[in-house]
Every structure is written in C-alpha cells, then in structure tokens.
Amino acid sequence: MMITRYNPMRDLVTLSDRLNRMFDDAFTSDKDTELTGSWMPAVDIYEAENAIEIKADLPGMTEKDIDVTVENNTMTIKGERKFEWEGRKDNCHRIERRYGSFYRSFHLPNTVDVTKISAEFKNGILNLTLPKREETKPKKISISVK
C-alpha cells in the first residue's frame, strides 16, 4: 500500500487544466485547427525528492521542431507539427491528430535551479528534469545529547 501526501493545490491545478482544455475545445473549431491550428501536448508532472520531472507527448516530431525556454521563472515548451501529406489533403478519409503550432508554459517554483534544467527527447517523449536547489532540499539535523 502506497501512502501519498495530500496536496490540495494539486487538485486545483488539475481542475484548472481541465477547465482550460474544455474552454479551448469549446471555442476552437476542428476545421480551423485540424491542419493549421494550435494544439497542446499532454504532459505528466512528477515531483521527486531532488527534482521535478515533466514528460510531454510529442509523437512524430524531432528535437529540431521543439523549443524549450526559461524566462522569469516560467518555462515554455513550443513548436510545430507539420501536416505530412501536403497536396493530398482531399484524399484523406480521417484526420484525428492535431497539426500546427503548440505552446505550453509552466510557472516554476522557487525551489527549481533553472541553471541545471536538462532536456532529453526519445521516442516522441520530451523529458525535462528540473533539479531542486540544494538549499531547498530537506536536510537531516542530528540532535546531540548533553
């Protein structure tokens, strides 16, 4: 049995993400976005003792198609997935994958050491590792007996 610490902010962030996606879907037409519009890759965010890990699904892309930047404690992932069948769009029976530009940004907590962030792209997954600053990591304090 695994015990996890309750974090009410996690529920609020999840709710906020769901509401944002709902409004994005409601106010964008599939015809507008299916070939040239914007889309948002799905991400998973994990927090470990020494780092925060972000995994973004970017299938069919290469590292050259993706930009990751950090400015003012905000990390931005952006890029573009181009439609592969130029000139043959009328012959397509179904297009369910999203194409066009994407943009995701995340506010970084003060515990992240932005100078040591690393990125790896493998099998369509962008893995970002955001190490925590040394002074913010938990430290064990020994108690001396007198």
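Is R98 buried, partly exposed or exposed? R98 is partly exposed, because its relative accessible area is 27%, where buried stands for under 20%, exposed for over 50% and partly exposed for values in between, with a 1.4 Å probe and protein chains only.

The views below show a predicted model, in which local features need pLDDT of at least 70 and side-chain atom pairs count only at pLDDT 80 or more, whereas totals for chains, interfaces and linings use all residues. Residues are numbered from 1 along each chain as its sequence is written, and side-chain values use heavy atoms, with hydrogens and water left out.

View 1. The protein has 2 helices and 7 strands, which follow one another from the N terminus as α-α-β-β-β-β-β-β-β; helices (H or I, at least four residues) and strands (E, at least two) are DSSP runs, numbered from the N terminus. Of the 146 residues, 23% are buried. R98 belongs to the loop between strand 4 (74–81) and strand 5 (100–107), and its C-alpha atom lies 8.8 Å from that of M40, a residue 58 positions away along the chain.

View 2. Strand 2 is joined to strand 7 (residues 125–131) by 7 bridges, and A51 has P131 as its bridge partner in strand 7.

**View 3. The salt bridge between K132 and E47.** The structure holds 3 salt bridges, each defined as a side-chain nitrogen of Lys or Arg within 4 Å of a carboxyl oxygen of Asp or Glu. In the pair of K132 and E47, the closest N and O atoms are 2.8 Å apart. Because K132 lies in the segment after strand 7 and E47 in strand 1, the pair ties together parts that are 85 residues apart in sequence. K132 is buried, with a relative accessible area of 13%, whereas E47 is exposed at 59%.

View 4. The side chains of K82 and E80 form a salt bridge with an N to O distance of 3.9 Å; K82 is exposed at 57% relative accessibility, while E80 is partly exposed at 39%. K116 and D113 are likewise joined by a salt bridge, with 3.9 Å from N to O, and here K116 is exposed at 53%, whereas D113 is buried at 16%.

**View 5. The aromatic pair of W39 and F102.** The structure holds 1 aromatic pair, the rule being that rings of Phe, Tyr and Trp (its six-membered ring) pair if their centres lie within 6.5 Å, with planes under 30 degrees apart counted as stacked, over 60 as edge-to-face and the rest as tilted. The ring centres of W39 and F102 are 5.0 Å apart and the planes stand at 50 degrees, so the pair is tilted. Since W39 lies in the loop between helix 2 (30–33) and strand 1 and F102 in strand 5, the pair ties together parts that are 63 residues apart in sequence. Both W39 and F102 are buried.

Definitions and conventions: Pairing = 2+ DSSP bridges.
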